[in-house]
Structure formats: structure tokens, C-alpha cells
Amino acid sequence: MNIKKIALFGNPVYHSKSPIIHKIFSYITNIPYSYNKINVSNKNFNIIAKNFFDFGGYGANITLPFKKKAFYLCDLLTERAKLSKSVNVITKINNKYLLGDNTDGIGFINDLKRLYIIYKKKKILIIGAGGAARGIIPPLLLYNNNIIITNRTLEKAKKISKEFNNLGNIKYISNKKLFNKKFDIIINATSCSIKNKLPNLFNNIINSNTFCYDMVYSKKNTYFLKWCLRKSKYINDGLGMLISQAAYSFLLWHNKMPSIKLSIEIFKKINYN
Ligand code: ATR
């Protein structure tokens, strides 16, 4: 049987849980495919990714810092990829063209649904203005939420809010002006948790009903979630989102949706014991 050859491109990729997640999908759907991590340098991304597809590659996931490069590499793009201007999944179609998609946003929204977080007309604070924020802003705005974005480098928050304000209500704010402001949902979209750091924030922005989401997945609570727990008990990390975005990649490659709930259960059994 000819199994599909799929790879994850990024730098670094050694820490990635995606191969385990795809093994789980393969197991529960009974669809075999190969899924390997490929660590590439910034300079070589385009050539190595192209070679991969020229020599039998069927699909790819793209992680940091190449989502933008992947956007420009593809011949065709889905609407979601165009909106976020970044690509985290590629599939080869008609054995010829590279189609780029972005499943980060839908993975995130799907996780909020799984957690029964009402995701319409909410006041949401997004901390961070890099690729992670970019992926979730379009779908959150399409659901009519009010977004306030803040970032250590305020210029980047300003740029993003301008770029997306045709999709809905998004404003930027400096950290100083956040004092005493209240939100329904606070999302940490910075890379702080990967580096065991905490973004600089006033702790009066959280109350006992605020839902706090860290887009980073970690076995133990991240510094951000520990900080949130001092005020609110509603916290969640990015595991559900990670598995959801992977499931939508799987759907693109195999035309079948694996069970996200079952995959999360199996993942936790494998990783948390
Ligand atoms: P990307 O390639 O997606 O932009 P990144 O450079 O790691 O990823 O940064 C992601 C986000 O985390 C950025 O908003 C960054 O803030 P800056 O724009 O000011 O660099 C934010 N970030 C990273 N480290 C941070 C820290 N120690 N405190 C606050 N924000 C931080």
C-alpha cells in the first residue's frame, strides 16, 4: 500500500508533539501515513520544502518561524490562509500544485466550543502580536467579538489592529492603559510561556469569572496560567487547540475528521502518566 508522506517543517521542531498526535489519529482512524519532523534553517526552508514535494511528499505542517514563508511558497491558498496571511498546513493537489491552508484559527475556535466558552460578543484581551495572535484574530472577529490587543512592542499591536479592523471590532491598547480594565476572556498569544516567562501585566485585569487561555501547551501550568489562578479558576492551556488544528490538517490530507475528544484523552494517557 502506498502511504502518504507527510512532514513537519520548523526550527526548532525537536519539542513538537505533532508526531504523537498524528500517530493517535492514524490509530483511531486506521489510516496509515508517515509523519516526520524536519528541522530546517531559515535560509533553506523554501528549497527543502519544494524538494520534499517534488520527491513524493504529499502534505506538510509548518510551524514557527516559517508560516509566513509557507504562505508565499504555495501556488494556491484557502480563504482562511489569505485572511491570516500565514500557512500552517500544505497539501499537494492534482499531483502538481501546493495548496496552503491555516487551521490555527479554526482549531482555536473549536477548542473554545469544546470548553463551552461562549464565543460571541465577548470582550477579549489578546496579549501578543506575533504569528499566534494573527491566526486567531480573524475567526474571533468573524464571531462578532470585541478584541483589544496589547503587546510589549506597541507598534506591532497597532499594525495588527489596523490590518484586521475591516473584519470587526479590534483596538490596540498599551499595557499602562490596561489598568483596571475588565475582560471576559484573556488570551496569552505571546511566546513567553515557552521561555518560562510572564508578560508584564496588571493583575487587576482578571476577576473570578475571567476565562484565561494560554495558547502554549505545557504538562504543568505555565507561568501565565499560575498567575491567572490567583484570581480565577477558569484556565486552559493550548492542548485542545493543538490537537484541533492537527485534526483539521488531517481532514485536508485524508478527507476524514478524527475524534478530537478521543485524541485528547489518549494523548493525556500517553503523556501525563
Ligand atoms: P512570532 O515569530 O510569532 O512573532 P515571537 O517573536 O516569539 O514570535 O513573538 C511572539 C509574541 O510574544 C510577540 O508579540 C512578542 O512581543 P514583541 O513583539 O514585543 O517581541 C511576545 N513576547 C515574546 N517574549 C516576550 C516577553 N518576555 N514579554 C512580553 N512579550 C513577549
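## Ligand surroundings

The model is predicted: local features need pLDDT of at least 70 and side-chain atom pairs pLDDT 80 or more, while totals for chains, interfaces and linings use all residues. Residues are numbered from 1 along each chain as its sequence is written, and side-chain values use heavy atoms, with hydrogens and water left out.

Polar contacts are pairs of N or O atoms within 3.5 Å. A backbone N or O atom of Gly131 lies 2.7 Å from a ligand oxygen atom.

## Second largest pocket

Fifteen residues line the second largest pocket, with Arg80, Gly105, Ile106, Ile109 and Pro139 nearest its centre. By class, the lining has 8 nonpolar, 5 polar (Gly counted among them) and 2 charged residues.

Helices α4 (79-84), α5 (104-114) and α6 (131-142), taken from DSSP runs of H or I of at least four residues, each supply at least two lining residues. The largest share, 5 residues, comes from α5. Domain 1 (4-102 + 243-272) and domain 2 (105-237), with bounds from an automatic or database assignment, each contribute at least three residues to this lining.

## Annotated N-terminal span

An unreviewed UniProt entry places the domain "Shikimate dehydrogenase substrate binding N-terminal" at residues 8-90; such annotations may be inferred rather than shown by experiment. The end C-alpha atoms of this span lie 10 Å apart, and 42% of the span is helix and 22% strand (E runs of at least two residues).

Conventions. On a 1 Å grid over the protein atoms alone, a cavity is a set of points where a 1.4 Å probe fits but cannot get out, and a pocket is an open set with protein on both sides within 12 Å along at least five of seven lines; lining residues have an atom within 4 Å of a point. A polar contact is a pair of N or O atoms within 3.5 Å; within protein, one must be able to donate a hydrogen and the other to accept it, and residues adjacent in sequence count only if both atoms are side-chain atoms.
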